[in-house]
Amino acid sequence: MERAEVLKRVIGILTEAQEIRRTAEAGEDEHDGDAGAGVATQLLNEMLPSISVPADATPREVAALVAEALGPALHTMVSGFSLAFTSLAMVHDDGRTDLSSMEVLQELALEIEAGTYDEDS
């Protein structure tokens, strides 16, 4: 999955999590509280590669295979959540009350779509 797609998926997760929270706070929650976990699981299933480990691999070889396979995907996911958190925190720290968190995430998604956060930018 490309970096921009990962960043957009992270924003989607955060947006969906906000909707889940609003629904729960309004007493309209149809789920048992695990809906947020389902969204995160979906993200992990989409982004993390499958790993094949030879049956005779040593623990050190298994660790190396796992790190090599998961490292880039986890780095990109953490970068996406960090970017979203920083964007939200900057608006908060600036005392901006004219923007909701949803609007900040929407603006961030538009910036990502425009290529603002591409790796070669």
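This is a predicted model: local features need pLDDT of at least 70, side-chain atom pairs count only at pLDDT 80 or more; totals for chains, interfaces and linings use all residues.
## The overall picture

Let's begin with the whole chain. How many helices and strands does the protein chain have? There are four helices and zero strands, so when you read along the sequence the pattern is α-α-α-α. The helices carry the names H1 (residues 3-25), H2 (residues 35-47), H3 (residues 59-93) and H4 (residues 101-113).

Now look at how the chain meets itself. Take the contacts in the protein chain with a separation of 6 or more: 67% of them are between residues 24 or more positions apart. Of the 121 residues, 21% count as buried. The protein chain exposes about 8300 Å², and carbon and sulfur atoms supply 53% of that area.

A search of the whole structure finds five salt bridges. One of them pairs Glu-113 with Lys-8, and their closest N and O atoms are 2.7 Å apart. This pair links distant parts of the chain, as Glu-113 is in helix H4 and Lys-8 is in helix H1, 105 residues apart. Is Glu-113 buried or exposed? Glu-113 counts as exposed because its relative accessibility is 54%, and the cut-off for exposed is over 50%. Lys-8, at 26% relative accessibility, counts as partly exposed.

Glu-46 forms a salt bridge with Arg-9, with 2.8 Å between the closest N and O atoms. Here too the pair links distant parts of the chain: Glu-46 sits in helix H2 and Arg-9 in helix H1, 37 residues apart. Glu-46 has a relative accessible area of 35%, so this residue is partly exposed. Arg-9 is partly exposed as well, with a value of 22%.

Why are Arg-22 and Glu-19 separated by about one helical turn? The reason is that they are three residues apart in helix H1. Arg-22 counts as partly exposed at 40% relative accessibility, and Glu-19 counts as partly exposed at 37%. Elsewhere, salt bridges that share partners join Glu-5, Lys-8 and Glu-113 into one network.

## A nonpolar patch on the surface

Which residues form a nonpolar patch on the surface? They are Ile-51, Val-53, Leu-65 and Val-66, and together they have about 240 Å² of accessible area. Val-66 is found in helix H3. With 31% relative accessibility, Val-66 counts as partly exposed.

Next, follow the chain into the loop between H2 and H3, where you will find Pro-49. Pro-49 counts as partly exposed, with 35% relative accessibility. Which residues does Pro-49 contact, leaving aside its neighbours within four places in sequence? The answer is Ala-69, Leu-70 and Ala-73.

Ala-69 lies in helix H3 and counts as partly exposed at 24% relative accessibility. From C-alpha to C-alpha, Pro-49 and Ala-69 are 6.6 Å apart in space, although they are 20 residues apart in sequence. The C-alpha atoms of Ala-69 and Ser-50 are separated by 8.0 Å, and these two residues are 19 residues apart along the chain. Leaving aside neighbours within four places in sequence, Ala-69 is in contact with Pro-49 and Ile-51. Ile-51 is also one of the residues in the nonpolar patch.

## The largest pocket

Finally, let's look for empty space. Rolling a probe the size of a water molecule over the atoms shows where such space is left. The largest pocket has a volume of about 220 Å³.

How many residues line the largest pocket? There are 14, and Ser-87, Val-91, Val-104, Glu-107 and Glu-111 lie nearest its centre. The elements that give two or more residues to the lining are H3 and H4.

Methods
Residues are numbered from 1 along each chain as its sequence is written. Side-chain values use heavy atoms; hydrogens and water are left out. Patches are made of residues with over 30% relative accessible area and no salt bridge: like charges are joined within 9 Å, nonpolar side chains (Val, Leu, Ile, Met, Phe, Trp, Tyr) within 5 Å. Accessible areas come from the Shrake-Rupley method with a 1.4 Å probe; for residues, only the protein chains shown count as cover. A salt bridge is a side-chain nitrogen of Lys or Arg within 4 Å of a carboxyl oxygen of Asp or Glu. Buried means under 20% relative accessible area, exposed over 50%, partly exposed in between (1.4 Å probe, protein chains only). Contact means heavy atoms within 4.5 Å. On a 1 Å grid over the protein atoms alone, a cavity is a set of points where a 1.4 Å probe fits but cannot get out, and a pocket is an open set with protein on both sides within 12 Å along at least five of seven lines; lining residues have an atom within 4 Å of a point. Grid points are joined across faces, edges and corners, and a volume is the space filled by probe spheres set on the points.
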